[in-house]
Amino acid sequence: MVSSESDSQLKIVHGEAGYILEDVPHFSDYIPNLRTYPNPLRSNPAYSVVKQYFVHMDDTVPQKVVVHKDGPRGVHFRRAGPRQKVYFNSDDVHACIVTCGGLCPGLNTVIREIVCGLSYMYGVNKVLGIDGGYRGFYSKNTITLTPKVVNDIHKRGGTILGTSRGGHDTGKIVDSIQDRGINQVYIIGGDGTQRGAAVIYEEVRRRGLKVAIAGIPKTIDNDIPVIDKSFGFDTAVEEAQRAINAAHVEAESAENGLGVVKLMGRYSGFIAMYATLASRDVDCCLIPESPFYLEGKGGLFEFIEKRLKENGHMVIVIAEGAGQDLLTESMQAMDQKDASGNKLLQDVGLWISHKIKDHFARTNKMPITLKYIDPTYMIRAVPSNASDNVYCTLLAQSAVHGAMAGYTGFTVGLVNGRHTYIPFNRIIERQNKVVITDRMWARLLSSTNQPSFLKPRDVDEVKKAKQPPTQLLEGDNCNDVNKAEKAEQPPTQLEGDKCNDVSEPEKAEQPPTQLLEGDKLKNEQESGNHADSCIKTKN
């Protein structure tokens with residue numbers, strides 16, 4: 001294999017048949033002659049029966065699960081999990097955890113599992129919680145976290161550490177990390193937070209500090225690229241059902257009843273799309289990626305009239321970022337931004353409700369009864385459900401394993417059902433969005449039997465535009481959009497049993513070199529400081 005490293009510390013490894021590994025940084029990249037230690041898991045009673053627990057140093061996970069026989073193997077990421085050697089003595093670890101940005105189901109579960117993972121798996125007893133987001137590093141007190149303190153926090157919504165937007169001052173943050181003697185930093189947040197984590201890592205590396213910077217991606221909108229989905233998304237879709245069900249009951253109980261539900265989705269309509277597919281009571285779903293218009297033939301008003309005449313009631317789900325181009329009354333507000341740099345959006349749900357009422361009052365075609373429901377803050381404030389709790393546990397444990405193994409400057413995430421370490425630059429380079437030329441959106445249209453609201457010219461433009469592949473749940477989404485229409489591919493990602501890849505032995509897939517046999521362990525210990533020293537990185 002041939003490896004290279006750019007000025008921004010990206011580690012790219014090229015192999016045979018078009019194999020590319022987008023690797024994450026390691027302490028040995030910039031700190032020479034580091035001491036290593038045997039992994040404490042080898043003497044942990046909980047893992048004494050696990051024959052193949054340690055991840056092989058050459059294990060990688062492909063970004064695309066659907067390939068052609070003559071095509072390149074494509075981009076891979078380093079597989080997450082425990083290594084046989086660690087770069088920290090457990091007694092020397094001083095870790096901290098910080099949560100930034102908006103609330104999301106599962107935050108407390110991630111906090112709990114980082115604390116318990118460090119303690120129960122690696123014997124680490126010094127863990128601090130940073131109060132109030134990034135600015136808490138230099139302006140607020142810390143919270144001592146122990147397994148006893150965090151024992152029941154997963155049953156609560158929000159975050160026990162508090163959170164905030166903005167407040168990122170790289171120099172002050174790294175100074176605080178250095179002054180407090182912290183050597184592991186776990187940062188939980190969305191793309192803006194991960195962008196800040198990348199800057200912190202660069203400063204830590206510039207100073208030559210042995211400090212692991214690990215990110216856990218958080219976004220209720222599921223707009224982070226590369227990963228299959230973000231934690232809290234399943235809970236949000238499930239909780240959105242309550243609002244949709246209420247809107248359906250209200251609409252069904254009135255003559256020409258119309259229920260409008262606004263869900264989260266600033267730039268990406270995943271929650272609205274999956275909540276609609278899960279509900280089966282929704283007649284129309286509007287998302288930011290798919291433009292629509294109100295007046296005229298084929299417009300939204302015409303479809304509402306048609307559906308009310310057919311069924312006598314109707315439910316509309318709209319993402320908060322949909323239709324922003326149609327809101328012309330207060331355009332000045334669209335130029336304002338919050339502390340995280342996100343545009344302050346106008347309330348499209350309230351706006352479209354007024355527009356619908358005005359249209360039917362003006363045309364006098366039929367009386368309607370409209371109910372508008374906005375469950376946004378109720379959804380994001382609930383505790384995570386069982387599925388997300390399991391996912392949060394695996395993300396937290398993967399982050400702990402990576403930091404202890406000496407990796408830094410990485411984000412953990414599920415790729416094709418496998419937990420991986422992903423470079424920060426891949427997480428922050430763009431936003432994950434619904435591809436409306438993909439089959440998943442077509443499935444929604446066929447489920448709701450709604451029009452696409454795209455004019456013929458718009459359809460041609462959408463098909464010509466280069467769309468990024470989506471990562472959510474469907475294996476066929478990983479194909480390029482231009483190839484997606486050639487053949488129907490079965491969904492292959494995110495089966496429940498695959499989420500346990502880190503913690504369960506997989507005899508059929510694991511090479512025999514992962515067994516803790518004396519000769520093989522000795523060979524690995526003699527191979528050099530870095531567990532992946534077979535990859536030579538050019539500075």
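Which helix is the place of Ile200? Ile200 sits in helix α4 (residues 191-206).

## Basis

This is a predicted model: local features need pLDDT of at least 70, side-chain atom pairs count only at pLDDT 80 or more, and totals for chains, interfaces and linings use all residues. Residues are numbered from 1 along each chain as its sequence is written, and side-chain values use heavy atoms, without hydrogens and water.

## Ile200

Ile200 is buried, with a relative accessible area of 0% (buried means under 20%, 1.4 Å probe, protein chains only). Leaving aside residues up to four places away in sequence, Ile200 touches Tyr134, His168, Thr170, Ile173, Val174, Ile177, Ile187 and Ile213 (contact means heavy atoms within 4.5 Å). Thr170 is 30 residues from Ile200 along the chain, with 5.9 Å between their C-alpha atoms.

## Helix α1

Helix α1 covers residues 107-122, 16 residues in total. Helices are DSSP runs (H or I, at least four residues), numbered from the N terminus. From first C-alpha to last, α1 reaches 22 Å, close to the 22 Å expected at 1.5 Å a residue (1.5 Å times one less than the number of residues).

15 of the 16 residues of α1 are buried, so the rest of the structure largely encloses α1. Just after α1, Gly123 has a positive phi of about 70 degrees.

## α6 against α12

The axes of α6 (residues 270-279) and α12 (residues 439-448) come within 10 Å and cross at roughly 45 degrees. Axes are lines fitted to C-alpha atoms, for helices over the stretch in contact, and angles run from 0 to 180 degrees between N-to-C directions. The contact involves Met273, Tyr274, Thr276 and Leu277 of α6. From α12 come Met440, Trp441, Arg443, Leu444, Ser447 and Thr448.

Definitions and conventions: Helices (H or I, at least four residues) and strands (E, at least two) are DSSP runs, numbered from the N terminus. Buried means under 20% relative accessible area, exposed over 50%, partly exposed in between (1.4 Å probe, protein chains only).
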